[in-house]
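Trainee: I have a structure to learn from. Can we go through it piece by piece?

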Amino acid sequence: MARGPIEGRIMVVAFEGWTDAGDAASGAVKRLIEACELEAFDEIEPDEFVDFAMHRPVISTLEEGVRALQWPSTIAYAPTRLSSKTSLAADAGLDVSTGNDGEIFALVGAEPSRNWTAFAAEFLEIARGCEVDAIVFVGAMLADVPHTRPISTSTTSDSRALQSRLGVLQSEYEGPTGIMTVLGLLAQEAGIHTASLWASVPHYVHNAPAPKAIVALLDRLSEMLDVTIPLGDLPEQAGEWERGIDEITERDDDMRAYIGKLEEQRDAVESPEASGEAIAHEFERFLRNEGGTQRQAGSASAPTSTDRPRADGPADGTAGEPPAEDEPGSARTDDDAPDEDAPPV
């Protein structure tokens, strides 16, 4: 089969938390929701699944001084214009205007901290109700990569059909895993194709949103979904983000030297396959040695480099090609080669 975008009804999923370095994954899916004019139609209530010490509710002041709480629930979104396919969403009068007219759905929310089996059952019920043919899981991880170079993305799939369609491979990783892998495998068992898309984020800027990573994820999502996602002011934000880091590092000789070393390593890497294998090895070591450290309770800032999946850079080159979800594998990046083998969903 010729390589091309995913066909059929597609749901795009991201979770805020450990798999959302620089708020890149959730930021990309939220921008997709806005661009495709998707409308919230269902949610997974947080009480049974979310640790509110990690994902705290937000208080805000509404009109006339009314105070209100926003709880960290998981929201599902559907198209707002009619699709050519008959489905639950179409019957409800929902649709969207894209290259995949009326076929894009989304789900975004706080990463569940407990009761994953029950959470997965609710998730799968939503996906089945939308009659989706495929699910794309989106994540971002911290890595030893320089902020001055393009953000690399990595795609893998457990679906033979999507492997052929997208020109990607399946991960061979075995070990500790995360919620997106759990959801992905259950979806595969239910007959829904799945793929994972990940971006790397420089670990030394972990406390700030990373618009440059959001742009990289949206560029790849546009190709995978056959949709046009306007970037708006994201390119300008990405430029300001990079310049801001430049200004900080100019005052720190050690940091400047460290970033220079990362740049040299990145530029020296000529074999995408070799670099992907090194990343997979380092990420597997992280999972087995660290087990995925959780954020400190009550922290209002973004997680530190020990709170999120991180690929510590290989000695011979870049760690800029993150594995999908929290599973490493022999990975080629989308940027470097068509046949990536990043970890599965």
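Trainee: Which residues of S7 are buried on one side, and which on the other?

Mentor: This is a predicted model. Buried here means under 20% relative accessible area. Both faces of S7 pass that test. One side has Ala134, Val136, Val138, Ala140 and Leu142, and the other has Ile135, Phe137, Gly139, Met141 and Ala143.

Trainee: How many residues of strand S7 are buried?

Mentor: S7 runs over residues 134–143. The strand is mostly covered. The count of buried residues is 10 of 10.

Trainee: Over how many bridges do S7 and S9 pair, and what stands opposite methionine 141?

Mentor: S9 spans residues 193–202. S7 pairs with S9 in the parallel sense, over 10 bridges. The residue in S9 opposite methionine 141 is serine 200.

Trainee: How are H6 and H7 oriented to each other?

Mentor: Take H6 (residues 211–225) and H7 (residues 234–250). Their axes come within 7 Å and cross at roughly 140 degrees. Over 145 would count as roughly antiparallel. The two helices are therefore oblique.

Trainee: Which residues of H6 meet H7, and how does the contact divide by residue type?

Mentor: H6 brings Pro211, Lys212, Ile214, Val215 and Leu218. They meet H7 residues including Leu234, Ala238 and Trp241. By type, the contact has 8 nonpolar, 1 polar and 2 charged residues.

Technical notes: Residues are numbered from 1 along each chain as its sequence is written. This is a predicted model: local features need pLDDT of at least 70, side-chain atom pairs count only at pLDDT 80 or more; totals for chains, interfaces and linings use all residues. Side-chain values use heavy atoms; hydrogens and water are left out. Axes are lines fitted to C-alpha atoms, for helices over the stretch in contact, and angles run from 0 to 180 degrees between N-to-C directions. Helices (H or I, at least four residues) and strands (E, at least two) are DSSP runs, numbered from the N terminus. Angles under 35 degrees count as roughly parallel, over 145 as roughly antiparallel, 65 to 115 as roughly perpendicular and the rest as oblique. Contact means heavy atoms within 4.5 Å. Ala, Val, Leu, Ile, Met, Phe, Trp, Tyr, Cys and Pro count as nonpolar, Asp, Glu, Lys and Arg as charged, and the others, Gly among them, as polar. Buried means under 20% relative accessible area, exposed over 50%, partly exposed in between (1.4 Å probe, protein chains only). Two strands pair if DSSP finds at least two bridges between them.
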